[in-house]
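User: Please take a close look at a single chain of this model, and at how it meets its partner. I would like one connected account, with the cut-offs behind each term.

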Amino acid sequence: MFARARQRLLEMHSARAWLGILAATTVILLLLPLSNGVLAPSSALHLPDYLVPLLGKFLCFAIVALAMDLIWGFAGILSLGHGLFFALGGYAMGMHLMRSMAGEGVYRSALPDFMVFLDWKTLPWYWRGFDSFPFALAAAVVGPGLLAMVFGYFAFRSKIKGVYFSIVTQALTYAAMLLFFQNSAGFGGNNGLTDFKRLLGFSLHAPTTRLGLYVVSGLTLLFSYVACRYIVTSKFGRVLTAIRDAELKARFCGYESTHYKLFVWTFSAALCALAGALYVPQVGIINPSEMQPSSSIEMAIWVAVGGRGSLAGPILGAWLINAGKSWLTAAFPSAWLYALGALFILVTLFLPQGIAGAIARLTRRRS
Amino acid sequence: MPTSVGIGNFRRLGEVLTVLRIAFIVAGLVGVIRSDANAAEPLEESLRELASPDSDVVERRLNELAASGNAALIPALEALCDARLRVAPDGAVYYTAPKERTLRHPLTGTIVDPQPSGTHEVEVNNQIRRQALPVLAELKLRSPAEAVRMAAAQELDGRGDAESVAILRSAFKDEQVKRVRDAMALALARWDLQSTDPERQIAALAIARALGTSSLKGELKRLAGATPDASIRKAAAQALDDIESRQHFLDAVGALFHGISLASILLLAALGLAVTFGLLGVINMAHGEMLMLGAYATYAVQMAFERWLPGLVRYYLLAAVPVSFLATLLAGVLLEKTVIRFLYGRPLETLLATWGISLGLIQTVRLIFGAQNVAVANPDWLGGGIEIANGLVLPYNRLAVIAFAVAVAVAVWLLLQRTRLGLQVRAVTQNRAMASCLGIATRRIDMWMFGLGSGIAGLGGVALSQIGNVGPELGQTYIIDSFMVVVLGGVGRLAGTIVASLGLGVINKFLEPFAGAVLGKIVVLAFIILFIQRRPQGIFAIKGRVEA
């Protein structure tokens with residue numbers, strides 16, 4: 001039993017790679033929280049409080065990059081709709097956060113402030129149940145997953161693929177964004193949901209809560225990584241890769257490609273939604289701009305920069321690009337779009353396999 | 001011979017002009033003699049006495065002025081009511097135009113030079129105003145200018161008191177122009193509908209039905225609901241029905257028209273996209289930015305004309321068409337040569353790279369022209385529109401956009417079907433390897449078609465600048481719709497693109513009134529997703545073997 005588990009783990013990664021993952025996990029989940037929580041603020045190694053939610057945000061983006069890589073890198077499907085799943089997960093969490101502070105808004109009403117503002121008297125039916133945290137968490141994952149499943153069922157059944165699939169998912173996201181911008185949709189319109197107070201009784205402004213959310217995000221990332229690695233190294237994963245490289249051949253061998261694609265598509269959407277649910281309490285706001293076509297495409301560039309089909313690469317890509325974005329938008333605001341645009345062009349032209357591919361080529365050359 | 005006919009025509013035209021000129025001079029002389037010798041002097045005298053502190057005198061003078069029926073008095077009387085009439089120490093009166101300080105001659109309106117000093121405002125109280133207003137209305141209703149009469153009729157309609165109606169009724173008898181007559185009839189019908197005399201009400205109902213305008217709906221509703229006479233109630237309800245169904249019809253026609261004009265823009269945006277997608281299998285995410293560049297090129301041409309050719313500004317649009325086309329064509333060729341050609345066979349990467357390009361273009365335009373929308377003006381010959389029915393105007397700019405889109409579509413069709421280049425393009429679209437074996441320079445075809453596709457989008461930008469806002473994010477708003485046109489219409493089929501853009505444009509505009517713009521978009525998207533279930537290749541699939 002133990003030997004089989006060991007065998008499976010070694011199929012997923014070499015022992016050296018596992019050590020690397022352990023090292024990264026130690027830094028992210030042990031050393032950084034300790035340096036924030038235990039070290040005195042005057043210490044040179046102290047992690048300042050304001051950086052904790054930022055790093056937590058990056059961890060959420062890393063989960064998104066994993067989800068994108070799973071379907072783009074291993075199934076060859078470029079989704080421009082992951083911004084939608086991310087935002088839907090975030091909205092589900094945001095709805096719970098709004099409900100948990102009923103009566104404490106500006107108007108002291110049992111309804112969220114924006115509904116009072118719209119002169120609504122009762123809660124819309126789709127807001128029911130969000131008072132409960134387990135329900136909200138389940139809705140955050142299951143809702144977007146279901147949407148992805150229904151959409152994917154129709155799309156894969158009619159053999160929509162390649163750029164067709166990309167632009168149809170983009171249109172879906174765009175339509176959803178327009179819907180959420182409407183005040184009458186009941187999601188706060190333009191402003192979205194914000195001004196949250198607490199999660200499960202913990203104040204969202206307290207540094208310890210933020211650290212806690214950071215650690216939860218890190219753990220989720222770790223489990224997501226292992227799960228994705230498990231999927232892609234299983235027989236299922238190999239069939240998926242076969243479908244990516246030669247769908248017709250895989251079908252002729254007796255594999256119903258639609259089912260494989262549908263599963264991985266739904267899983268990826270749900271993972272992305274989970275990231276969204278973790279993201280919202282850390283940044284304190286969710287609004288329809290998360291569904292802009294540009295945010296979904298930015299997710300794709302994280303994966304492209306990191307290297308498709310490597311799982312670890314996209315995580316690195318997400319971190320590098322977002323760190324660059326945080327720095328550039330503050331230091332040279334007008335240069336950021338140029339930098340991003342240039343990145344899109346240069347990576348696709350000169351680094352088709354991303355950073356991971358470049359490193360792999362270098363090590364191969366050396367050996 | 002054509003030339004002699006031409007000269008003959010000119011000669012005849014010349015004769016006509018001469019006759020007209022003489023007629024004008026005679027009429028002008030008569031007018032001058034009448035107003036100068038008989039009317040002007042006493043009129044000016046009467047005007048002077050409007051400044052009199054004795055309100056009886058003022059009243060008498062006002063009646064004299066009314067009796068003269070001279071439209072030249074209108075500005076001075078308006079000035080009197082607005083307290084803009086001024087009197088000089090020598091008793092001469094002048095007026096100032098609204099929000100101005102310069103004194104003008106009371107009858108001719110010319111600025112007096114030198115400006116008299118020491119003038120003071122003519123006192124006006126409500127009693128004088130009450131007396132002046134009907135006089136003014138009467139003068140306006142009999143003014144020789146159609147627009148003045150029209151405005152006066154509408155103003156009196158809004159006032160809706162017995163005195164105004166009496167003035168209107170007497171002017172209505174002499175009115176000749178149908179447009180003004182209709183406006184007067186409307187005001188009279190509104191008054192009569194509110195009266196208690198059944199005969200008048202019935203006559204007014206007939207007029208209301210004939211006019212068919214929705215502005216009488218309020219009065220009709222009241223009449224249909226609460227009148228003792230059942231026959232009048234019924235007639236009012238019927239008239240209301242008539243008007244409403246007419247209004248629905250007009251709304252539908254208007255939606256259809258707006259849909260077609262939206263479809264023309266979509267067509268121009270999607271044509272190039274469909275051609276390049278069919279040919280190269282790549283989606284150009286920067287295609288929307290070509291629309292944007294075309295619109296900004298139009299703006300630049302307008303600015304250039306304003307600075308260097310101010311006399312020809314009204315024709316700037318004619319120059320903008322080739323300039324925008326060439327500019328975007330060049331941008332497209334450059335794009336293909338530097339980026340796209342290295343990504344052939346990798347459509348998803350092309351999508352990302354072109355997105356990067358679009359980001360760069362947006363940011364560049366933002367830095368050069370600013371993040372705000374820029375003002376692209378309609379030339380005067382595109383202002384206004386045809387009023388095909390009461391309450392339904394087809395603006396010229398939208399008509400021009402439709403005609404322009406049709407012309408471009410025809411040109412592209414001719415290019416693809418009737419030229420050697422078109423033949424080669426079709427060959428490469430169907431089977432690239434075979435076309436290459438037959439000696440077609442496929443790479444060069446790719447480059448030119450990419451440029452042409454961008455150029456067509458640039459033309460779309462020119463059209464768009466005439467009916468919509470021009471800002472850096474313009475391309476983003478149209479790109480997703482034009483992708484949907486390509487998905488729906490199928491790849492590389494002109495007919496499919498045309499039908500799909502028409503369908504999407506019209507459906508969008510028809511759904512908007514009752515579903516709202518957003519829900520309309522969502523419904524259309526759901527429809528597209530269901531549609532490709534049945535016909536994955538689009539409306540007009542290419543028959544035969546297509547590479548998977």
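Analyst: Of the 548 residues in chain B, 38% are buried, where buried denotes a residue with 20 or more other C-beta atoms within 10 Å of its own, the C-beta atoms being placed from the backbone. This is a predicted model, in which local features need pLDDT of at least 70 and side-chain atom pairs count only at pLDDT 80 or more, while totals for chains, interfaces and linings use all residues. Residues are numbered from 1 along each chain as its sequence is written, and chains are lettered from A and ligands numbered from 1 in the order in which they are written.

Chain B holds 19 helices and five strands, taken as DSSP runs numbered from the N terminus (helices H or I, at least four residues; strands E, at least two). An automatic or database assignment divides chain B into domain 1 (12-144) and domain 2 (249-534), and the C-alpha centres of these two domains of chain B lie 55 Å apart. Among contacts in chain B between residues at least 6 apart in sequence, 70% join residues at least 24 apart, a contact requiring C-beta atoms, placed from the backbone, within 7 Å.

Turning to the partner, 30 residues of chain B are in contact with 35 residues of chain A. On the side of chain A that touches chain B, helix H7 (162-181), helix H12 (293-306) and helix H14 (335-350) of chain A each supply at least two residues, and H7(A) gives the largest share, 13 residues.

Definitions and conventions:
Two residues are in contact if their C-beta atoms, placed from the backbone, lie within 7 Å. A residue is buried if 20 or more other C-beta atoms lie within 10 Å of its own, exposed if 12 or fewer, and partly exposed in between; C-beta atoms are placed from the backbone.
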